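Biologist: I would like to learn how to read features off a model. Where do we begin?

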Amino acid sequence: MVKNYRVVVFGVKGVGKTAILEQAIYGHFSKNYKLWPTIEDIYQASVETDKGTREQVRFYDTAGLDLTQLPEVGLYSNPDPSLMLSFGQIAKQYASIADAFILVYDTCRPETFDCLVTLKKEIDKNKEKKDAFYVIIGHRMREMDIKAPTLESPTSRASHWSIREKMKHFEVNALDRTSLFEPFIYIASKFNTAQPKSSFPQLVRKGTQH
């Protein structure tokens with residue numbers, strides 16, 4: 001039976017999670033493409049690996065995280081708890097089912113990266129699959145965002161964090177589909193190498209003794 005891997009995509013509202021998935025899977029995202037705020041969508045895709053094989057992957061596009069849920073980076077001091085789930089609840093909801101997590105931030109908005117650090121801590125507390133892995137994606141949403149990153153830029157901080165946390169870090173632009181190939185191939189390839197080998201013993205042909 002073909003295994004379907006589950007990948008949950010997290011990020012703050014407006015960082016382009018849906019745009020990335022739409023472009024990577026369907027290839028029809030453009031500047032004029034209308035996207036509505038996501039509640040939750042599921043994308044089924046056959047993703048190529050670095051070996052040329054394909055893995056069946058189900059991507060869970062989650063509702064954008066609200067910065068007001070994080071006091072240290074929140075825009076408002078008194079958010080209404082009835083209008084949002086806590087990060088811990090969100091993490092618990094998805095952490096038990098996921099084989100991998102994609103964490104998306106806007107390379108021009110530091111606060112969209114900061115919240116991922118807190119979110120990952122909550123996911124780590126709740127994830128049930130020990131081999132579930134993370135990929136962090138910096139989304140270059142503006143054409144002007146092409147200058148070299150400074151030490152304090154979200155991109156630089158994300159790069160250092162990914163090394164420390166042993167995650168793979170990519171930078172993409174949803175308007176450039178070719179920039180999306182590498183992270184998605186990487187994810188499918190990780191699943192491919194993680195597949196358990198057959199428990200049946202290998203059949204070895206022995207020479208006939210005379």
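This is a predicted model: local features need pLDDT of at least 70, side-chain atom pairs count only at pLDDT 80 or more; totals for chains, interfaces and linings use all residues.

Biologist: What share of the residues is buried?

Modeller: Buried means under 20% relative accessible area, exposed over 50%, partly exposed in between (1.4 Å probe, protein chains only). Of the 210 residues in the protein, 44% are buried.

Biologist: Which residues of α4 are buried, and what do they pack against?

Modeller: A helix has a repeat to keep in mind. An α-helix has 3.6 residues a turn, so residues three or four places apart point the same way. In α4, the buried residues are Pro154, Thr155, Ser156, Ala158, Trp161 and Ser162. The buried residues of α4 pack against β4 (100–106), α3, β5 and β6 (168–172).

Biologist: How many aromatic pairs are there?

Modeller: Rings of Phe, Tyr and Trp (its six-membered ring) pair if their centres lie within 6.5 Å; planes under 30 degrees apart count as stacked, over 60 as edge-to-face and the rest as tilted. By this rule there are 11 aromatic pairs. Take Phe113 and Trp161: their ring centres are 5.5 Å apart and their planes stand at 80 degrees, so the pair is edge-to-face. Phe113 lies in helix α3 (residues 110–126) and Trp161 in helix α4 (residues 154–164), so this pair links distant parts of the chain, 48 residues apart. Phe113 and Trp161 are both buried.

Biologist: Which pair is tilted?

Modeller: Phe133 and Phe191 form a tilted pair, with 5.4 Å centre to centre and 55 degrees between the planes. Phe133 is in strand β5 (residues 133–139) and Phe191 in helix α5 (residues 178–194), 58 residues apart. Both are buried.

Biologist: Where do charged ends sit over rings?

Modeller: A charge sits over a ring if NZ of Lys or CZ of Arg is within 6 Å of the ring centre and within 35 degrees of the ring normal. The charged end of Lys190 sits over the ring of Phe133, 5.1 Å from its centre. Lys120 has its charged end over the ring of Tyr134, 4.6 Å from the centre.

Biologist: What does Pro183 contact beyond its sequence neighbours?

Modeller: Contact means heavy atoms within 4.5 Å. Pro183 lies in helix α5. Pro183 is buried, at a relative accessible area of 1%. Leaving aside neighbours within four places in sequence, Pro183 contacts Ile137, Phe170 and Val172.

Biologist: Which residues touch the most other members of the largest nonpolar core?

Modeller: In soluble globular proteins, nonpolar side chains tend to be buried together. A nonpolar core is a set of buried Ala, Val, Leu, Ile, Met, Phe, Trp, Tyr and Cys residues joined through side-chain atoms within 4.5 Å. In the largest, of 55 residues, Phe10, Phe59 and Phe101 touch the most other members. Strand β4 gives this core its largest share, 6 residues.

How values were computed:
Residues are numbered from 1 along each chain as its sequence is written. Side-chain values use heavy atoms; hydrogens and water are left out. Helices (H or I, at least four residues) and strands (E, at least two) are DSSP runs, numbered from the N terminus.
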